[in-house]
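Please read it beside the sequence and the coordinates.

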Amino acid sequence: MTVRIDATDRKILAELQRDASQSLDEIARNVGSSKTPVWNRIRKLRESGVIGQQTVVLDAEALGFEACFFVLIRTSEHEADWQAKFLQALRDRPEVQEAHRLAGDIDYILKVRVQNARAYDTFYQTLISEVRVHNVTALLSMEEIKSTTMLPLEG
């Protein structure tokens, strides 16, 4: 379903991206509208799929997940059965925060968040025992410079 998004919708979405825990009154005040029209717009945006799952952002390091690895995967397998098994293995691993299929020399890139290098090795050993891959390169992030889920709605 295609939904038309106007300037007010964009303001509402920007407010929700900034802080989805705001009250409806706060959102309405910040976008210059009243509560009922804002609620109706939010409901429309949810029903159309523009607004997806709502969640909270946790501090990984505060919870002991101090290592973030970017895992580059090359495979010589491209059959549907292999791909289904591989994708299921990724979905089953809570350490995988993101997974992308790429164009170019690398087939997949994963963002994997774990406690430490030993935990990454456990993840790696489990993954390669479940599905065959041609080459795996793990890159340890030394410092997270920017991480956001916010889209550039204004402009």
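1. Domain bounds here come from an automatic or database domain assignment. For the protein chain, that assignment gives domain 1 (7-48) and domain 2 (61-141). The centres of domain 1 and domain 2, taken over C-alpha atoms, are separated by 37 Å.

2. On the basis of the values: this is a predicted model, in which local features need pLDDT of at least 70 and side-chain atom pairs count only at pLDDT 80 or more, while totals for chains, interfaces and linings use all residues. Residues are numbered from 1 along each chain as its sequence is written, and side-chain values use heavy atoms, with hydrogens and water left out.

3. The largest pocket holds about 1,600 Å³ of space. A pocket is an open set of points on a 1 Å grid over the protein atoms alone, where a 1.4 Å probe fits, with protein on both sides within 12 Å along at least five of seven lines; lining residues have an atom within 4 Å of a point. Volume is the space filled by probe spheres set on the points, which are joined across faces, edges and corners.

4. The lining of the largest pocket has 40 residues, and Thr-55, Val-56, Val-57, Thr-148 and Thr-149 lie nearest the pocket centre. By class, the lining has 18 nonpolar, 11 polar and 11 charged residues (nonpolar: Ala, Val, Leu, Ile, Met, Phe, Trp, Tyr, Cys and Pro; charged: Asp, Glu, Lys and Arg; polar: the others, Gly among them).

5. Both domain 1 (7-48) and domain 2 (61-141) give residues to this lining, so the largest pocket lies between them. At least two lining residues each come from α1 (7-18), β2 (96-101) and β3 (108-114) (DSSP runs numbered from the N terminus: helices are H or I, at least four residues, and strands E, at least two). The most, four residues, come from α1.

6. The axes of α1 and α3 come within 10 Å and cross at roughly 80 degrees (axes are lines fitted to C-alpha atoms, for helices over the stretch in contact, with angles from 0 to 180 degrees between N-to-C directions). α1 is therefore roughly perpendicular to α3 (65 to 115 degrees; under 35 is roughly parallel, over 145 roughly antiparallel, the rest oblique). Contact, meaning heavy atoms within 4.5 Å, involves residues including Ile-12 and Leu-16 of α1 and Ile-42 and Leu-45 of α3. The contact residues divide into six nonpolar, one polar and three charged.

7. Helix α2 (residues 24-31) and helix α3 (residues 35-47) have axes that come within 9 Å and cross at roughly 100 degrees. These two helices are therefore also roughly perpendicular to each other. Among the contact residues are Leu-24 and Val-31 of α2 and Val-38 and Trp-39 of α3.
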